Amino acid sequence: MQPFATQIGDRLFAPLPMKVAVQELTGLVCELGQGCQPSEFPADVREPQTGEALRQAQLWSAVERFLRPGDIVVAEQGSAFFGAQSVRLPADVTFTGQPLWGSIGYTLPAALGAQTAAPTRRTILLIGDGSALLTAQELGTMREGRNPVIVLINNDGYTVERAIHGPEQRYNDIPRWNWSLVPAAMGAGEHTRTLRATTPAELSVALESVADPRGLVLLEAMLPTMDLPEALAAAARAMAAANASALRPAVGSNWRRHHQRRARTSDYQRREAAPAWT
Ligand SMILES: Cc1ncc(C[n+]2csc(CCOP(=O)(O)OP(=O)(O)O)c2C)c(N)n1
Ligand SMILES: [Mg+2]
């Protein structure tokens, strides 16, 4: 599916804007599939107990409650993008992500650019601690006349990669920055706010207090390292199953057939089939 054309097998449908194609497909899925009930949200509606640690499910319902019509939402690769998928957006929200190329660090300067282009709209950046390390220097630019709300998911490393490639792999550990001091080190402006939430209650209070930000807001959401948004947990289960079947050399003939099939697959198809976000 391309922005202005869609191909199914050998048939090319063009010109066909992607929006129209998705609307058509949605209708077909509803008609031919199991119906289309809107998914339940927030996923975790249970009232959190006092002092209970913050978890992904509660983060995303809090983000949903925080959003207003007309906001700009930028979601980074990692658990942020998977979690953001579950968030219902109010009208006229612009949502930016880049799951195809998946180059982490992109969204921090992208949020700066978005807010520079639309200074009267609220810009909300959802980004992980690992991704933010790559382009953190742009916080130093954002302190000048910008007021994005940055929700930084601090889960001590590359959680999405732990989910896919093994939780104990050392390459998923990252330097532990003291994020609340970073804006100050970059000469934070008068209205810069740094906040930290470790419980759902702290998160609600923190978000309420920055609903109309006057300067850069850096809100750290402290999350358990192996806590996954539901969409990521489902993707990780699917990939684990695919990996397990691909790594089964003992079933000789299946293994051979698998490779023969792969050899027939064109490079293009193989690239398309690869997960775009790792
Ligand atoms: C430039 C680049 N390097 C590495 C990767 C592989 N990669 C994809 S997601 C990710 C980890 C993201 O971690 P974080 O931002 O902390 O998100 P989390 O899943 O922990 O919430 C990595 C290393 C990538 N996509 N792009
Ligand atoms: Mg992380």
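**Ground rules.** I number residues from 1 along each chain as its sequence is written, and chains are lettered from A and ligands numbered from 1 in the order in which they are written. Since I am reading a predicted model, local features need pLDDT of at least 70 and side-chain atom pairs count only at pLDDT 80 or more, while totals for chains, interfaces and linings use all residues.

**Entry 1: helix α2.** I took helices (H or I, at least four residues) and strands (E, at least two) as DSSP runs, numbered from the N terminus. I called a residue buried if 20 or more other C-beta atoms lie within 10 Å of its own, exposed if 12 or fewer, and partly exposed in between, with C-beta atoms placed from the backbone. I listed the buried ones as Gln56, Ala57, Gln58, Leu59, Trp60, Ala62, Val63 and Phe66. Their cover includes α3 (79–84), β5 (123–128), β6 (149–154), α9 (200–209) and β8 (217–222).

**Entry 2: strand β6.** I looked next at β6, where 6 of 6 residues are buried. Val149, Val151 and Ile153 are buried on one side, and Ile150, Leu152 and Asn154 on the other. I then checked its partners, where two strands pair if DSSP finds at least two bridges between them. β6 pairs with β5 in the parallel sense over 5 bridges, and isoleucine 124 stands opposite valine 149 of β6. β6 and β8 also run parallel, joined by 6 bridges; there I found asparagine 154 opposite methionine 222 of β8.

**Entry 3: alanine 236.** I located alanine 236 in helix α10 (residues 230–246). With 17 other C-beta atoms within 10 Å, alanine 236 is partly exposed. I counted a contact when two C-beta atoms, placed from the backbone, lie within 7 Å. Leaving aside neighbours within four places in sequence, alanine 236 is in contact with Ala163, Ile164 and Leu228.

**Entry 4: ligand 1.** I counted a residue as near a molecule if its C-beta atom, placed from the backbone, lies within 6 Å of it. Ligand 1 has 19 residues around it, and Gly78, Gly128, Gly130, Ser131 and Thr159 come nearest. α3, α5 (129–135) and α7 (159–165) each supply at least two residues of this shell. I sorted the shell into 5 nonpolar, 11 polar and 3 charged residues. Nonpolar here means Ala, Val, Leu, Ile, Met, Phe, Trp, Tyr, Cys and Pro, charged means Asp, Glu, Lys and Arg, and the others, Gly among them, count as polar.
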